[in-house]
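Please keep the sequence and the 3D view open while you read.

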Amino acid sequence: FKPNNGYNVEDLNISKWNDGAKRAYVVVTDGELVIDGRTERESKKMKELAKDSRNTVALFEIGGTYSLGQAVQSDKNIRYYQVHDKAGMLKAGLEVLLSR
């Protein structure tokens with residue numbers, strides 16, 4: 001959770017773990033990634049993580065569809081949600097986690 005992220009600070013830090021455990025990777029954004037090449041790098045990491053059947057990868061975009069969502073929403077292994085409020089996001093997030 002990185003509440004200080006903003007226009008010029010992007011610290012997604014999506015890291016791959018190779019310990020055999022089931023994991024849920026949840027990314028939430030409310031705007032565009034603005035640092036050059038960041039969308040490509042982060043979407044590539046998310047797609048790679050989603051290839052492992054032990055992982056659940058979910059992206060929540062609040063208020064719209066942004067570049068990260070456009071880059072991953074067609075990947076059948078990534079759960080993509082566009083939400084407009086916290087309650088909707090929490091409900092969808094719980095469904096993702098409970099389905100595993």
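Leaving aside residues up to four places away in sequence, which residues does R79 touch?

1. Contacts of R79. The model is a predicted one, and this applies to every point below. R79 is found in strand β3. Apart from residues up to four places away in sequence, R79 touches T56, V57, A58, L59, V96 and S99. For T56, the C-alpha atom is 7.9 Å from that of R79, although the two residues are 23 apart in sequence. R79 counts as partly exposed because its relative accessibility is 31%, which lies between the limits of 20% for buried and 50% for exposed.

2. Overall layout. The chain has three helices and three strands. Following the sequence, the pattern is β-α-β-α-β-α. The chain has 100 residues, and 36% of them are buried. Its accessible surface is about 6,600 Å², with 51% of this belonging to carbon and sulfur atoms.

3. Contacts across the sequence. Take the contacts between residues at least 6 apart in sequence: 59% of them join residues at least 24 apart. E32 lies in the loop between β1 and α1. With a relative accessibility of 43%, E32 counts as partly exposed.

4. Length of helix α3. Helix α3 covers residues 86-98, which is 13 residues. At 1.5 Å a residue, the helix should span 18 Å, and the distance between its end C-alpha atoms is 18 Å, so the two agree. The expected span takes 1.5 Å times one less than the number of residues, because the helix is counted from its first C-alpha atom to its last.

5. Which residues of α3 are buried? They are M89, A92, G93 and V96. Seen down the axis of α3, the buried residues fall within an arc of 105 degrees, so they line one face of the helix. What covers them includes β1 (23-29), β2 (55-62) and β3 (78-83). On the other side of α3, the exposed residues are A87, L90, K91, L94 and L98. V96, one of the buried residues of α3, is also among the residues that R79 touches.

6. A nonpolar patch. L97 has its place in helix α3. L97 is partly exposed, its relative accessible area being 46%. Together with V26 and V28, L97 forms a nonpolar patch on the surface, and the accessible area of the three is about 250 Å².

7. How many salt bridges does a search of the whole structure find? The search finds five. Side chains of opposite charge can pair when their charged atoms come close. R38, E42 and K45 are linked in a network of such bridges. Between E42 and R38, the closest N and O atoms are 2.7 Å apart. E42 and K45 meet in a salt bridge with an N to O distance of 3.4 Å. Helix α1 spans residues 38-50, and E42 and R38 are four residues apart in it, so about one helical turn separates them. E42 and K45 are three residues apart in α1, and again the separation is about one helical turn.

8. Are E42 and R38 buried or exposed? Both are buried. E42 has a relative accessibility of 2% and therefore counts as buried, since the cut-off is under 20%. K45 has a relative accessibility of 32% and counts as partly exposed.

9. Another salt bridge. R23 and D19 form a salt bridge, with the closest N and O atoms 2.5 Å apart. R23 counts as partly exposed at 25% relative accessibility. D19 is partly exposed too, with a relative accessible area of 47%.

Technical notes. Residues numbered from 1 in each chain as written. Predicted model: local features only at pLDDT ≥ 70, side-chain atom pairs only at ≥ 80, totals over all residues. Heavy atoms only, no water. Helix = DSSP H or I, 4+ residues; strand = E, 2+ residues; numbered from the N terminus. Buried < 20%, exposed > 50% of the residue type's maximum accessible area, 1.4 Å probe, protein only. Arc of directions from axis to C-beta. Contact = heavy atoms within 4.5 Å. Patch = residues over 30% accessible without salt bridge, like charges linked within 9 Å, V, L, I, M, F, W, Y side chains within 5 Å. Areas by Shrake-Rupley, 256 points an atom, 1.4 Å probe, with all protein chains shown as cover. Salt bridge = Lys/Arg side-chain N within 4 Å of Asp/Glu carboxyl O.
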